[in-house]
Amino acid sequence: MSVKPLAGLRVLEFSHTIMGPCAGLVLADLGADVVKVEPAPAGDHTRRLPGFAAGFFATFNRNKRSIALDLKQPEGRAAAHRLVAGADIVLENYGPGTMERLGCGYEQLRAVNPRLVYLALKGFLAGPYEHRPALDEVVQFQSGLAYMTGPPGRPLRAGASIIDILGAVFGVTAALAALRERDATGQGQRISSALFESAVFLMGSHMAGLAATGEPPPPMPARRGAWGIYDAFETGDGGQLFIGITSDQQWARFTGAFGLAELAADARLATNAQRAKERSWLIPSLQEAFRRFDQAELARRCEAAGISWAPVGQPADLFEDPHLLAGGGLLQTAISALGGGARFGLPALPLEFGEARERVALHRQPPRMGEHNGEVLAEAGFAAAEITALAAAGILAEASA
């Protein structure tokens, strides 16, 4: 396998839940040596979350090493500073002021390593809100994203932690830019990405549309669509298929594939703009036609017509998705909530280098808490006796299994 793009880069990750671990995941998958610094004695609390969050740790912590260090003790802070001396990036997503209280804020660490790029992943960037705690769902509501997602009067968060993930990717982008700048200046810097501003970025087109038209954008379920056919339809066997027809050429192919000569000849439907005006009767008419087909046949005809279509899927479907399986899009990952033994295909980074995905593959399973205490500290120059003393004093912790 060829050398990964970020090979040789050393990252210390002080983080939990999604935003910070996701940023670390992106860097680790791209080849950086990411050391997850977990709080001793309990470790990252994400390891123990129940319900829908039970998969967080497995999803966002592959390809990393773990050291569990008690930063509340002077010896723990001193050990962290020794690690920082050899790091390129520190990333953290703790609450405002937490890293400073632990002696690991930017000003404290830049004194140790002036070349350090310090990525702070927060709820808000600088301004009146900067000291507030925040969550993905909080900023979805605050930014208007929840308003735009749900039907009128019923704001609804998106079905995934999209703002945590977007904020992480923006943060990684800034970190790589800061490293590029360091190449020229020799100096590191503090950079930041935030949940609220990431959510607001997603609202940009709605804001621009309001400015251009003077009309507040309605929630997406109530929007005036740009396309005549852009809907989910029921099939004769109880399935569902989304179909999008976005050009007049697609409309001609579509009506031909389904034998809809009467609709093809209807002057009211000649252009997309006209079809959009006739949706009140056109969509029910198409729905009636589609119930003559099972889902597989409907999909086959859409594929043959060269139009956009998709089954209405669920997360469970992705484990067996033939495209993901064929293209290396799923990485067999140990699920920590199941004791780490069982492995399931979890999504790889959605990237290719050349025409292959091997350069962003899994090479290390999500670590046990403190699994790499000894090797990480030894690489930073700690003698064996020092490591033993830190463990005996409870400054280091390691999972028993």
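## Close-up views of a predicted model

**View 1. The loop between β1 and α1, with Thr17.** Thr17 is found in the loop that runs between strand β1 and helix α1, in a model that is predicted. The phi angle of Thr17 is near 65 degrees, which is a positive value in a residue other than glycine. Thr17 counts as partly exposed, because its relative accessibility is 22% and the buried class ends under 20%.

**View 2. Helix α1 and the residue that follows it.** Helix α1 comprises residues 19–29 and is mostly covered, with 11 of its 11 residues buried. Just after α1, Gly31 takes a positive phi of about 110 degrees.

View 3. Strand β1, residues 10–14, pairs with β2 in the parallel sense over four bridges. Within this pairing, Glu13 stands opposite Lys36 of β2. Strand β2 covers residues 33–39, and five of its seven residues are buried, so the strand is largely enclosed by the rest of the structure. The peptide bond that leads from Ala40 to Pro41 is cis, with omega near 10 degrees, and Pro41 has its place in the loop between β2 and α2, the latter being residues 56–60.

**View 4. Asn63 in the loop between α2 and β3.** Asn63 is placed in the loop that joins α2 to strand β3, residues 64–69. Although Asn63 is not a glycine, it has a positive phi of about 60 degrees. Is Asn63 buried or exposed? With a relative accessible area of 2%, Asn63 is buried.

**View 5. Aromatic pairs around Phe254.** A search of the whole structure finds 15 aromatic pairs. One of them is formed by Phe254 and Phe258, whose ring centres are 5.1 Å apart and whose planes stand at 50 degrees, so that the pair is tilted. Phe254 is buried, with a relative accessible area of 0%, and Phe258 also counts as buried, at 4% relative accessibility. Phe254 forms a further aromatic pair with Phe290, and this pair is edge-to-face, at 6.0 Å from centre to centre and 75 degrees between the planes. Phe254 belongs to helix α11, residues 248–257, whereas Phe290 belongs to helix α14, residues 279–290, so the pair ties together parts that are 36 residues apart in sequence. Both partners, Phe254 and Phe290, are buried. Phe254, Phe258 and Phe290 are members of one aromatic cluster, which also includes Phe233, Trp251 and Phe293.

View 6. Three strands form an open sheet in the order β7-β8-β9, with antiparallel pairing. The strands β7, residues 229–234, and β9, residues 308–311, stand at the edges with a single partner strand each, so one side of each is left without a neighbour in the sheet. Neighbouring strands of this sheet are turned against each other by 15 degrees on average, direction ignored. Strand β8, residues 240–245, pairs with β9 in the antiparallel sense over four bridges, and the bridge partner of Leu241 in β9 is Pro311. Helix α14 packs on the sheet and touches β7 and β8, while its direction makes about 40 degrees with that of β7.

**View 7. Arg82 over the ring of Phe382.** The charged end of Arg82 sits over the ring of Phe382, at 3.6 Å from the centre of that ring.

**View 8. The whole chain as context for the close-ups.** The secondary structure of the chain comes to 18 helices and 12 strands, and its C-alpha trace spans about 85 × 45 × 40 Å along the principal axes. Of the 401 residues of the chain, 43% count as buried. Among contacts between residues at least 6 apart in sequence, 70% join residues that are at least 24 apart. The chain exposes about 19700 Å², of which carbon and sulfur atoms supply 58%.

How values were computed
Residues are numbered from 1 along each chain as its sequence is written. This is a predicted model: local features need pLDDT of at least 70, side-chain atom pairs count only at pLDDT 80 or more; totals for chains, interfaces and linings use all residues. Side-chain values use heavy atoms; hydrogens and water are left out. Rings of Phe, Tyr and Trp (its six-membered ring) pair if their centres lie within 6.5 Å; planes under 30 degrees apart count as stacked, over 60 as edge-to-face and the rest as tilted. Buried means under 20% relative accessible area, exposed over 50%, partly exposed in between (1.4 Å probe, protein chains only). Helices (H or I, at least four residues) and strands (E, at least two) are DSSP runs, numbered from the N terminus. A charge sits over a ring if NZ of Lys or CZ of Arg is within 6 Å of the ring centre and within 35 degrees of the ring normal. Two strands pair if DSSP finds at least two bridges between them. Axes are lines fitted to C-alpha atoms, for helices over the stretch in contact, and angles run from 0 to 180 degrees between N-to-C directions. Contact means heavy atoms within 4.5 Å. Accessible areas come from the Shrake-Rupley method with a 1.4 Å probe; for residues, only the protein chains shown count as cover.
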